[in-house]
Amino acid sequence: MVLTAIPMTLTEAKEFVDNFHRHNKAPQGGVFAVGVSDGSALVGVAIVGRPVARMLDDGQTLEVTRCCVLDDAPRNACSFLYGRCWQAARALGWQKMVTYTLQSESGASLRGAGWKVVAQTKGSDGTGWMNRPGREWQSVVGQSKFRWEAA
C-alpha cells in the first residue's frame with residue numbers, strides 16, 4: 001500500500017485528534033500539520049509545534065505534539081508521519097525535532113523513522129502544568145515518558 005502525505009490545516013488536524021486520539025486532546029497551537037492517506041481516505045495526522053518544555057524552546061527545535069492514526073490505518077502510517085514531519089522541518093531550517101511517548105508504548109514507529117531515545121521524564125502531580133491558562137488536566141501528564149529526537 002502506498003501512503004501519501006496530505007496538506008492539512010492545524011484546525012483540520014486538531015479536529016481529527018479530538019475525534020480519534022486514544023488518550024490526548026488536541027494541542028493548543030502549532031507550527032504546521034501533515035496528514036497521511038492510504039489512497040482512499042485520511043488515516044492519520046501529525047501536529048508540529050514549538051517545544052512544550054521551555055528549556056528545549058531554543059529557536060532551533062520543534063516538537064511533534066500529536067501523532068494520531070485510525071485503528072485500522074496501515075502499520076507504517078505513524079512512521080510515515082514522523083518521517084515527513086522531520087523532512088518538512090529540515091527543509092524549513094529547523095535543526096532538531098523531539099517528541100514524547102509514554103514508557104508503556106513501544107516506540108516502534110519512531111524507531112522505524114530513525115528517531116532515538118535521548119531522555120526519560122518522570123510523571124508529575126500536575127501542579128506546574130495547571131499553572132497556565134487554557135490547560136486542562138490529562139492523565140498522561142502524571143505518567144513517565146521517553147523523549148525521542150531526530151537531528
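Strand β5 (residues 96-102) and strand β7 (residues 145-150) run antiparallel to each other and are joined over six bridges, where two strands are taken to pair if DSSP finds at least two bridges between them. Within this pairing, T101 has F146 in β7 as its bridge partner. This is a predicted model, in which local features need pLDDT of at least 70 and side-chain atom pairs pLDDT 80 or more, while totals for chains, interfaces and linings use all residues. Residues are numbered from 1 along each chain as its sequence is written, and side-chain values use heavy atoms, without hydrogens or water.

Strands (E, at least two residues) and helices (H or I, at least four) are DSSP runs numbered from the N terminus. The open sheet has seven strands with mixed pairing, in the order β1-β2-β3-β4-β5-β7-β6. Because β1 (4-8) and β6 (116-121) each have a single partner strand, one side of each of these edge strands is left without a neighbour in the sheet.

| Helix | Strands touched | Angle between directions |
|---|---|---|
| α1 (residues 10-20) | β1, β2, β3, β4 | about 115° with β3 |
| α2 (residues 77-91) | β1, β2, β3, β4, β5, β7 | about 155° with β4 |

In helix α1, F16 and F20 lie four residues apart, about one turn of the helix. At 8% relative accessibility F16 counts as buried, whereas F20, at 42%, counts as partly exposed (buried is under 20%, exposed over 50%, partly exposed in between, with a 1.4 Å probe and protein chains only).

Conventions: Contact = heavy atoms within 4.5 Å. Axes fitted to C-alpha atoms, helices over the stretch in contact; angles between N-to-C directions.
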